Amino acid sequence: GREFYARVVEYYRAQIKNSQDRIDKAFAEVDEGKATTVDSTGLEQLYSERRNLMVDGVYYRLEQLPARGFKQYYRYAREAAYSADLILYNQLSLVLQEWWREKDPDHQAAQLGGMARSIVDSTILVGPVVNAAVDGRLEDTRTAVDAVRKQLQQVDLDGQSRATTEAAVALWEAYAKILHGSAADRHAAEPLLVGGIAALTRLLGQPEFADTDVSADSSSPMWSDATALTTWHAAAVLALGHRVLGYYYRTVEQYQEAIAEYRAAVELWRQVNMRVELAYTQNDLGYVYGLLNQIDDAIDLANAALDLRRLLGFRSHMALSLNTLGLIHLADGRYADAKQYSTQALAIFRALEDRRGTGLALLALAEALRRGAVAQQERPVSDRIDALRKADQYNKESIRIFDDLEESLRRIEARIEAGIAAMNGPVYRGLVILALLSMVMLRAVARSIGWPVVR
């Protein structure tokens, strides 16, 4: 019965926590700044064990209470996507498909235990788009999007799942275009996002869905109706749309619009109890407040995101929050604190072999070191020269990383930082006029192709 179910679920939670505690122990010296690497073989074994426990826990929930099982699957899938853990993401998708196939080998059942077949088909259809987008493969994302849109013409989905699938595909396509595309791609992302959000908002406003309490516990009587779960899923996708649109507005320096979208996302994440997404959005919102010099609010939000990410246990997410705290302190002119936070983030990213995260932390560190050396005139000249040289090294490494990853916005930001640093670095002594022209040209190029210039 329910009591036995609760005990088994608690067992999986305890085992996952135990696995996470051992991962934390493996990172202890990195966290303390005493090391920059961990035993990769031992770490991969720990992560493999954690993945298996998560997948087994989802399968057990699906067996007992399918609606709860799907929600846990979806939460773990979001965590996996934002950690770029495609092994876990695909393992979760596979167990969902296998479970349904076991229960309905002829694929005839419209729903099982309050979970519609359409919601399973919907999430599996979107999977290849998520894989390509998370892995930074823009052309593969385009191909996957085209394939899903063709499949949607042939697959039998209910109206709500079809609308949710179409919106989810558009949102992930927009995300990939913003992150890895050209200026034309980025501008094309906005109507995709606005259209997807509008479609889901209309859908959730219809009478048959509007009264569904998506925050209700999955054991309540309402979850015997498959409409409740598909509504919950649509609300989660809508929240993603608001978050990605907030990110788009942030990249084009429309900060008030970004704040409005992030706040809309936060409210929905709380309703559907998606903590990994809540932390992600709070972190991004804190960064925008930092750009607007609302430092206290920015630090509070970034710390709240960091605390939640520590609880959830994904270290790459924790490192992102540490780097965000570094950027906020950088905006406030606290260069030593900025360096400390971004140095912590860099150590974690390097230990995880997370190249994108490493590039972000290097770029933040380069700016912190450069601005600190320029602003702190009381420091010995030799210290300032050394800081500028390190900043130059960090920035060059970040440029190489973002060139390899083909992440357009960061490539521009790193080159603008190089142009600014050229005016201060002793290695460019005697070339100040050329450096100034380089910076001006970089800014002009960035603006001409539609990329924002923050500094």
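**Figure 1. Helix α15 within the predicted model.** Of the 17 residues of α15, 15 are buried, so this helix is largely enclosed by the rest of the structure. The structure shown here and in the other figures is a predicted model. Helix α15 covers residues 315-331 and reaches 24 Å from its first C-alpha to its last, close to the 24 Å expected at 1.5 Å a residue. Just after this helix, Gly333 takes a positive phi of about 80 degrees.

**Figure 2. The whole protein chain.** The protein chain has 20 helices and two strands. Among its 455 residues, 56% are buried. When contacts with a separation of 6 or more are considered, 66% of those in the protein chain join residues 24 or more positions apart.

**Figure 3. Helix α1 and its covering elements.** Helix α1 comprises residues 2-26; its 25 residues should span 36 Å at 1.5 Å a residue, and the 36 Å between its end C-alpha atoms agrees with this. Its buried residues are Tyr5, Val8, Val9, Tyr12, Ile16, Ser19, Gln20 and Ile23. An α-helix has 3.6 residues a turn, so residues three or four places apart point the same way. The elements that cover the buried residues of α1 include α3 (40-64), α4 and α15.

**Figure 4. The largest nonpolar core.** In soluble globular proteins, nonpolar side chains tend to be buried together. The largest nonpolar core of this model has 131 residues, and the members that touch the most others are Phe70, Met115, Trp172 and Trp269. Helix α11 (residues 226-251) supplies the largest share of this core, with 14 residues. Apart from this core lies another, of six residues, which include Ala366, Ala373, Leu388 and Ala391.

**Figure 5. The surroundings of Phe70.** Residues up to four places away in sequence are not counted in this view of what Phe70 touches. The residues touched by Phe70 are then Leu62, Leu96, Met115, Ile119, Thr123, Leu229, Trp232 and His233. Both Phe70 and Met115 are among the core members that touch the most other members.

**Figure 6. The largest cavity and its lining.** The structure holds five cavities of 30 Å³ or more, and the largest cavity contains about 140 Å³ of space. Its lining consists of 15 residues, of which Tyr74, Arg78, Thr123, Val126 and His233 lie nearest the centre. Two or more lining residues come from each of α4 (66-82), α6 (117-134), α8 (159-180) and α11. By class, ten residues of the lining are nonpolar, four are polar and one is charged.

**Figure 7. Arg243, a buried residue of helix α11.** Arg243 lies in helix α11. The relative accessible area of Arg243 is 1%, under the 20% limit, and this residue is therefore buried. Neighbours within four places in sequence being left aside, Arg243 is in contact with Tyr82, Tyr262, Ala265, Trp269, Glu277, Tyr280, Thr281 and Asp284. One of these residues, Trp269, is also named among the core members that touch the most other members.

**Figure 8. The loop at Glu406.** Glu406 is placed in the loop between α18 (381-405) and α19 (408-422). From C-alpha to C-alpha, Glu406 and Leu179 are 8.8 Å apart in space, although 227 residues apart in sequence. With neighbours within four places in sequence left aside, the contacts of Glu406 are His180 and Arg411.

Key. Residues numbered from 1 in each chain as written. Predicted model: local features only at pLDDT ≥ 70, side-chain atom pairs only at ≥ 80, totals over all residues. Heavy atoms only, no water. Core = buried A, V, L, I, M, F, W, Y, C linked by side-chain atoms within 4.5 Å. Buried < 20%, exposed > 50% of the residue type's maximum accessible area, 1.4 Å probe, protein only. Helix = DSSP H or I, 4+ residues; strand = E, 2+ residues; numbered from the N terminus. Contact = heavy atoms within 4.5 Å. 1 Å grid on protein atoms, 1.4 Å probe; cavity = no way out; pocket = protein on both sides within 12 Å on 5 of 7 lines; lining within 4 Å. Points joined across faces, edges and corners; volume = space filled by probe spheres on them. Nonpolar A, V, L, I, M, F, W, Y, C, P; charged D, E, K, R; others polar. Expected span 1.5 Å × (residues − 1).
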